[in-house]
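Here is a short report on a protein model.

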Amino acid sequence: MEETSREAVATAVQRVAGMLQRSDQLDKVEQYRRREARKKASVEARLKAAIQSQLDGVRTGLTQLHSALLDVKDIQSSLADVSKDWRQSINTIENLKDVKDAVVQHSQLAAAVENLKNIFSVPEIVGETQQLIEQAELLQAHRKLMELECSRDDLMYEQYRMDSKNTSDMNLISIYFEDVQGLSDELAKQLWMVLQRSMVTVRRDPTMLVSVVRIIEREEKIDRRMVDRKKQTGFIPPGRPKKWKEKMFEVLEGTVSTRIEGTQAVTREADKMWLVRLLEITRKYVLDDLIVVKNLMVQYLSNCFHTKMMGHPELCSECDIHQLEPLLPREVVDDLLSKYVKTFTSNITGWLRKALETDKKDWQKETEPEADQDGYYQTTLPAIVFQMFEQNLQVAAQIDGDFKEKVLKLCLKQMNTFLIRYREEAVSYKEEHLRDRQLPQCYVQYMIAIINNCQTFKESINSLKRKYSQSSGPTDSDAPIERTLNEVAKEGCQFLLDEVFLDLESHLNELLTRKWLTGSHAVDTICVTVEDYFNDFNKIKKPFNQEMTSEALRRVVVEYIKAVMQKRITFKNPDERKEGAERMMKEADQFKFLFRKLAAGEDTDWLCGAITAIAEVFKLTDPTLLFLEVSTLVSKYPDIREEHIQALLAVRGDASREMRQMIIGTLSENKVSHSGVTQSIFKDIAVPTIAMTTMTTMTSMATSKLLK
């Protein structure tokens, strides 16, 4: 036994070592854990089925021994004594507390040894990070820097918790990680260099600028988290908070100031036409530059011209700027605005296309998407899209309200076209996955992010309208946008449920079969699988999460009732009918318990009750009372059809032809319209053709008898 255990441990170690050969594979640990957990659940279900089969055999053997052997009472008495002794021996388990404590301590030490691997790899990661910074791979470099800082900060925090006054150990950790601060400073230099050249970078390589902003946003989140922890524990890592966001605005403002001041080649004293020259040079650069740093540019231009020119003492008493005529004729302004709109339309189409292409590349990653502060999966697409809209609307707002409203409507129109493309790409993503369900590895997680993005898009659109719209009424694009977003989210939820039911297909096919009647554990496996998937689906935002859970319950119940209607089994005797009915009731309770736990909504009892109501029809022992039981079923679920009842009676196995005709005929005569019924389930369930043929034949025979 010990040798087998050692072999199992060695095999497991070798398997884990094969999965985690490189440091970047640590990001996949959670994914590996889920995959192994699902395999474990499947194996446990099969083992449980095998054990149950063995127990059933033992039970049958004991039953035969009871009827054949006279000394069975002696055996029962001995077993009772053994059971009594066993109960008494339970108290001795408490004496093993020291052993349990030792096991817990061993587990903690094992975790500490495992963390040593990360500590030993620090020099290697430092070198890789330095190389990435030199190669201008800023996002990857920052990811590795965060890993190093996280390891350092966690070690310092644990040391602080154990002994906050032990400065020597703190210094030892700081010395070991001293290169990390240097990497942070080097990365910061690269960021400020990119920002200083932002007017050039945004034209040549806009993705580099986006990367810089994403890095700064990450650091801001870490700063906030560390400051919050300091309030609770008193500990904050060295170098925090970095305040890179404040530094970013300082760099941008300095860049803008330098840009404007650099255009002033001469002064009033050197050239009387200095203002004309300054305005001409500014005209050439200002439109392009406003796209990058328009807010800071407007602020600086305002300060520059009002303080240096219009605020001059000699002009204050001579000129009222509110009485001056416009610098440009109205037709020139209209022409410029028209050109701006055309250029903006062309640019925004290209930007949206590139943003979607970048997001699609992320869908293929082997790492899970980032989560927001509430733990919901998301991608950066909504933030990038609405940052584009926000920037252009801020420019439009500087002109006048009517033009701002026009640009807002144009943004919403472009958004509608973009979302149609977004929906098409989500469908293609699902179809690609179905060709090989192993790829992409994080398909479920990114499909969840796509669904959550729909809610983010809705919130962002409403935010833009509140901020920039002068009218509270709806626009022409509101309804199409709302409809498309709902369709994307609904289809995404449907794709995820399809993924679940593909894994459940073989187990659903076992329902209401001979194997099911003799002890299948198909429903146990179905419940375990659904709950495992919904651990991931908890990362879906409301209301989509709620709707998806309700739809999952409905599909499970529909598939179960379909198994009944397909007549996979016909009960042979009252014992089989009773056993089958009791199993159906038990499994209906399992579904009810699971989906109450998953918060499926108010329909849980009603939907699961359909299985219980069908079981009551099977459980009835007196066939003469079948009509009353079927009538009860019809009253609870008025959308049930005659072919459904025929199928149920066929599965029951003891209803005579005359009984079937009487039940169907009486129900047809007293049929009540259910057009006003809001809830339905049987309308989605088709009965196989063979059942329809049988019903038609029986109806024809009944008609012939009536004619005779």
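Accessible areas come from the Shrake-Rupley method with a 1.4 Å probe; for residues, only the protein chains shown count as cover. The accessible surface of this protein is about 41800 Å², and carbon and sulfur atoms hold 54% of that. The model is predicted: local features need pLDDT of at least 70, side-chain atom pairs count only at pLDDT 80 or more, and totals for chains, interfaces and linings use all residues. Residues are numbered from 1 along each chain as its sequence is written, and side-chain values use heavy atoms, without hydrogens and water.

The protein has 27 helices and zero strands (DSSP runs, H or I of at least four residues for helices, E of at least two for strands, numbered from the N terminus). Of its 708 residues, 39% are buried (under 20% relative accessible area, 1.4 Å probe, protein chains only).

**Aromatic pairs**

There are 18 aromatic pairs. Rings of Phe, Tyr and Trp (its six-membered ring) pair if their centres lie within 6.5 Å; planes under 30 degrees apart count as stacked, over 60 as edge-to-face and the rest as tilted.

| Pair | Centre to centre | Angle between planes | Class |
|---|---|---|---|
| F418 and F457 | 6.2 Å | 75° | edge-to-face |
| W606 and Y637 | 5.0 Å | 45° | tilted |

F418 sits in helix α16 (residues 401-435) and F457 in helix α17 (residues 443-468), so their pair ties together parts 39 residues apart in sequence. F418 is buried at 5% relative accessibility. F457 is buried at 0%. One aromatic cluster includes F418, F457, W363 and Y422.

Technical notes. Buried < 20%, exposed > 50% of the residue type's maximum accessible area, 1.4 Å probe, protein only.
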